[in-house]
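Thank you all for coming, and please have the viewer open while I talk. I would like to go through one model with you, slowly and in order.

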Amino acid sequence: MNDMLASFVTQFLVKGQFAVLLYFLAVNGWYLVLLVSSLLELRRHMLLIADESRHLLLSSTLSPTISILAPAYNEEATIEVSLRALLALHYPNLEVIVISDGSKDRTVQVLIEKFGLVAVKTIYERNIETKPVRSLYRSSTYPGLVVVDKENGGKADALNVGLSFARGELVCAMDADTLIEADGLQRMVRPFLYATDVVATGGTIRVVNGSLVKHGRVEKTAVPTNFLAGIQVVEYLRAFLFGRLGWNRLGGNIIISGAFGLFQREAVLKAGGYLHDTVGEDMELVVRLKRLSYERGGPGKIAFVPDPVAWTEVPESAKVLGRQRDRWHRGLADVLWRHRRMLFNPRYGVTGLFVYPYYAFVELLAPLIEAVGLFALVLGLVFGVVDWTFAGLFYLTAYGLGTALTAFTLILEDLSFHRYNSFRDRALLFWWALLENMGYRQLTVYWRLRGLWKFLRGRKDWGAMERKGFRPITAPS
Amino acid sequence: MVNETVLQIIMLIEVGLLALAVSVFFLHGVWLHLTTRRMEKLVKTGRESLARLVSSGSINLEDARVLRGLPNDIQQITFLEISRTLSGSGKERLRFAAQKLGVIDRARALCLHRRWTRRLRGARILSQLDVPDALVLKLLADPHPAVRAQAAEWAASQPSVEVVSAMLVLLADPATQARFAVQNALLRMGNVIAVPLAAFLETHSDRAAEAGLKVAESVASPQFLASALRLSFVEDVGVREAAAKLLGAIAGAEAAARLMEMLGDPDPHVRAAAASALGRMNYWQAGSMLAERLRDERWRVRREAGLALRAIGAAGTLFLRKALKGDDRFAADMAQQVLDLPEAATG
């Protein structure tokens, strides 16, 4: 019996290892193309923004009005600081709509007390079906502030309510815990001013853990020493600086972070707003906008701004991070399944022929293939088909190029915005880049597989995200 | 089985790449640290010399020597940095110094470069120093939108007939990607654009007219009245909406009379704009017509009519209170919401 199993494992390894190794090399080869693409795009961008006068936007009555949609659920502890930071953003025509999504704590009371809110008759233009709105408030001190208290319905529902109240030409969707850079909106709005076919823009989101935050602004950047948070810094840099930026040049962006994105309000309303029955509502909306632009015409360009425009707190516990990654992967699977008609469909141009297949066969299936490869390696060792030297070599080869690419991403950051300047930060970044493949990556494979499994079983729950909140954190000197 | 040697070769390549990346990463850090320190020192020296030159109004040989001795990029940084804080005679002195030290000549050479990034850089330097140079005017027709936008920014401080005419042509260019920059620059030129823009509006009825109307709204000169009235009848909804807004900015009996007619426009965007414009004018005589619009089938029109009634003061408030007791539930609700609004939120 054991001999038969060993023979099967040998056959499996012989045939499978080539496939797995080739897959790794092909994927990493493609990443290399993305890296070159992002390098060129970043260079172009840096030349474009050198010495530009963004302040002119501030004094212009022609700047498009932006409505910030800030969903809040039980944010009693942080809502005042977060909202004050939003109201102080450097942008002239700004409206801030806070949507309390059935908060059970004192979120609404804190807002009423601190921002001079007055209840007004609760009527609004119901553009999209949502959970009922309980009450509506306007501020007697901040003209652009609107607070909506509604029944709990999730983030997508809250954003849809916000869309109904928004008056701006552009809407900015964000998470309640996102910290936006003071001039972040000025940077994000730029593509809308210079091109008429832009429907949405996204910017680089950075990890705030470990940095010094005061009054809702990041005062001093630092790389966290916590293992999970530190590796996520590297992950975020890679995802934004070479992933999305690289695709930007190739015309294939279909992801805008739910933490901070800017959209044409009319286009979102025409598309029907955010979907409720998906856990990947942010990606789903972008893919739908892109798809509709091909089907109905109209603006469909998704622009990515590499400037660091917002900061977010990432999970520091494996349990919470696992839930997040599991949800992200379920969301990806769900979006790809919903819009499956785009796959290899020439009607959808670059998106159908290149971007969609990439997300389906690389992003979605990567954990599956990686797990098969790892499993086969362990089996090989157990049955003595491969020796430890070979297994080590195979493992290092498979992950080596990924580590090198991550290191190149660090260079991209350093050549452009260099927010991590100290030697300590550099050393930590490099350390986390090295450690990423030693356990952390395998954990994410497990979480993503779990997400895939849950998707196949039709699970659509979010799971709770525990946050420490933006208390002033002391950064290392 | 995959040959172990193949794996070793692949791994060696990967290790090489990783070593290269790490070396570049750390060496760049060291280089960055050293150059930043050096640059800070040089910029400080340049800033002090340039500040003395600008404040004294004459070329001090020692300061000129110091500035000339600085690398070109440091010179540029110093000049651009100080230019943001100067205007009038101070800026003239800065330009004079820039001319003498060759900063302007180098920027002009950049404007002629075949690469758009260099042309952009040249245009930025000349813009920030407000140098009246025909070379930048030519860049308004540059193939790259970023360069055109930068040239438009330069034009804002050069309000001559020739420049304004060139800018208006860009408003009519359907392909321009830098329309915002053009509109913004025209707006910043102020009243000087009134006559040419009025002439432009007389001859256009399309999207270019819409862009022009938006600029005209900020200038709000009575010279635009005839064009605004004419354009308020054209087929394009965007143009009619912009015309209504302009009429509200110009104000006056003729504008008000047309705006009241526009409250019955078939398009809700135009009706809403007309209501908002009447509120902006505080035209209390339109109270009953605005109250009628509280019963409009479209939310947006009802809201703007309600806000306009609130804006025109006591007379409008009376109409809103009357609507509360009326038979139309939508009008009553809107009136209630508008009356509930705190003063700060009525704009």
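I will take the two chains in turn, then the contact between them, and finish with a few individual residues.

Before anything else, please keep in mind that this is a predicted model, and that every value I quote is computed from it.

Let me begin with chain A, whose secondary structure comes to 14 helices and 12 strands. Its C-alpha trace spans about 80 × 50 × 45 Å along the principal axes. How does the radius of gyration of chain A stand against that of a compact globule? For 477 residues a compact globule would have a radius of gyration near 23 Å, and chain A has 23 Å, so the two agree. Of those 477 residues, 49% count as buried. If we take the contacts in chain A with a separation of 6 or more, 80% of them are accounted for by residues 24 or more positions apart.

Chain B has another make-up, with 20 helices and 0 strands. The radius of gyration of chain B is 29 Å, which is well over the 20 Å that the globule rule gives for 347 residues, and chain B is therefore more spread out than a compact globule. Taken along the principal axes, the C-alpha atoms of chain B fill a box of roughly 85 × 75 × 40 Å. Buried residues make up 46% of the 347 residues in this chain, and among its contacts between residues at least 6 apart in sequence, 63% join residues at least 24 apart.

Staying with chain B, the domain assignment gives domain 1, covering 95–155, and domain 2, covering 159–250. The C-alpha centres of these two domains of chain B lie 26 Å apart. Where they meet, 8 residues of domain 1 of chain B are in contact with 10 residues of domain 2 of chain B. On the domain 1 side of that contact, H8(B) gives the most, with 6 residues, and the residues of that side divide into 6 nonpolar, no polar and 2 charged.

Now to the contact between the chains, which takes 45 residues from chain B and 43 residues from chain A. On the chain B side, the elements that give two or more residues are helices H1 (4–56), H6 (116–128), H8 (145–155), H10 (179–189), H12 (207–219) and H20 (329–340) of chain B. H1(B) gives the most to this side, with 17 residues. By residue class, the side of chain B that touches chain A divides into 27 nonpolar, 11 polar and 7 charged.

For the individual residues, I start with A:Trp447, which is found in helix H14 (residues 423–456) of chain A. Is A:Trp447 buried or exposed? It has 21 other C-beta atoms within 10 Å and therefore counts as buried, the cut-off being 20 or more. Leaving out residues up to four places away in sequence, A:Trp447 touches A:Gly322, A:Arg325 and A:Asp326. The C-alpha atoms of A:Trp447 and A:His329 are separated by 8.4 Å, although these residues are 118 apart along the chain.

Last, the backbone angles. Most residues other than glycine have a negative phi. A:Asn74, which is not a glycine, has a positive phi of about 50 degrees, and it lies in the loop between strand S1 (66–72) and helix H3 (79–87) of chain A. With 15 C-beta neighbours inside 10 Å, A:Asn74 counts as partly exposed. In chain B, B:Ala251 has a positive phi of about 65 degrees, and it is not a glycine either. B:Ala251 is found in the loop between helix H14 (237–250) and helix H15 (253–262) of chain B, and with 19 other C-beta atoms within 10 Å it is partly exposed.

Conventions. Residues numbered from 1 in each chain as written. Chains lettered and ligands numbered in written order. Predicted model: local features only at pLDDT ≥ 70, side-chain atom pairs only at ≥ 80, totals over all residues. Contact = placed C-beta atoms within 7 Å. Helix = DSSP H or I, 4+ residues; strand = E, 2+ residues; numbered from the N terminus. Nonpolar A, V, L, I, M, F, W, Y, C, P; charged D, E, K, R; others polar. Domains from an automatic or database assignment. Buried ≥ 20, exposed ≤ 12 C-beta atoms within 10 Å, placed from the backbone. Rg over C-alpha atoms; globule rule 2.2 N^0.38 Å.
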